[in-house]
Amino acid sequence: MQLKELIIAVKEKNLSKDDLENYRDQMSQLFAEMQLELADLEKLKAMYMDTNSKAGVSDISIKRHWQGSKEGLREIVLKRYCLATKELLNSLKSRLYSIY
């Protein structure tokens with residue numbers, strides 16, 4: 001399941017314990033995958049910054065160019081998706097604890 005589908009599915013108020021656990025597991029897996037992709041992008045960013053700083057370009061200019069690149073835009077999206085996923089995971093955990 002994709003993140004947007006999980007977000008819609010988790011909105012359901014009357015989910016069973018098994019459903020909540022299943023969604024939590026799926027969301028945890030998705031969160032981990034996004035974190036790994038984000039780590040790769042951050043390594044690319046570090047190399048990009050290093051390469052361009054040697055060329056005498058200002059840091060802010062390098063950062064703006066990075067943010068406008070395909071990889072930079074993906075980094076921005078992943079950071080927000082990870083934040084949303086983390087909040088949803090906390091919500092799922094709270095809902096599960098209330099059942100136990």
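Q: What share of the contacts with a separation of 6 or more comes from residues 24 or more positions apart?
A: Such residues account for 70% of those contacts in the protein, where contact means heavy atoms within 4.5 Å. The model is predicted: local features need pLDDT of at least 70, side-chain atom pairs count only at pLDDT 80 or more, and totals for chains, interfaces and linings use all residues. Residues are numbered from 1 along each chain as its sequence is written, and side-chain values use heavy atoms, with hydrogens and water left out.

Q: How many helices and strands are there?
A: The protein has 4 helices and 0 strands, and its pattern along the sequence is α-α-α-α. Helices (H or I, at least four residues) and strands (E, at least two) are DSSP runs, numbered from the N terminus.

Q: How do helix 3 and helix 4 cross?
A: The axes of helix 3 (residues 59–68) and helix 4 (residues 70–99) come within 4 Å and cross at roughly 80°. That makes helix 3 roughly perpendicular to helix 4; angles of 65 to 115 degrees fall in that class, whereas under 35 is roughly parallel, over 145 roughly antiparallel and the rest oblique. The axes are lines fitted to C-alpha atoms, for helices over the stretch in contact, and the angles run from 0 to 180 degrees between N-to-C directions.

Q: And which residues meet there?
A: From helix 3, Trp66, Gln67 and Gly68 meet Lys70, Glu71, Gly72, Leu73, Glu75 and Ile76 of helix 4.

Q: New topic: how many aromatic pairs does the structure hold?
A: There is 1 aromatic pair. Tyr48 and Trp66 form this tilted pair, with 5.5 Å centre to centre and 50° between the planes. Tyr48 lies in helix 2 (residues 17–54) and Trp66 in helix 3, so the pair ties together parts 18 residues apart in sequence. Rings of Phe, Tyr and Trp (its six-membered ring) pair if their centres lie within 6.5 Å; planes under 30 degrees apart count as stacked, over 60 as edge-to-face and the rest as tilted.

Q: Is Trp66 buried or exposed?
A: Trp66 is buried, with a relative accessible area of 3%. Tyr48, at 28%, counts as partly exposed. Buried means under 20% relative accessible area, exposed over 50%, and partly exposed in between (1.4 Å probe, protein chains only).

Q: Which residues does Glu21 touch, leaving out those up to four places away in sequence?
A: Glu21 touches Leu96 and Tyr100. Glu21 lies in helix 2 and counts as buried at 17% relative accessibility.
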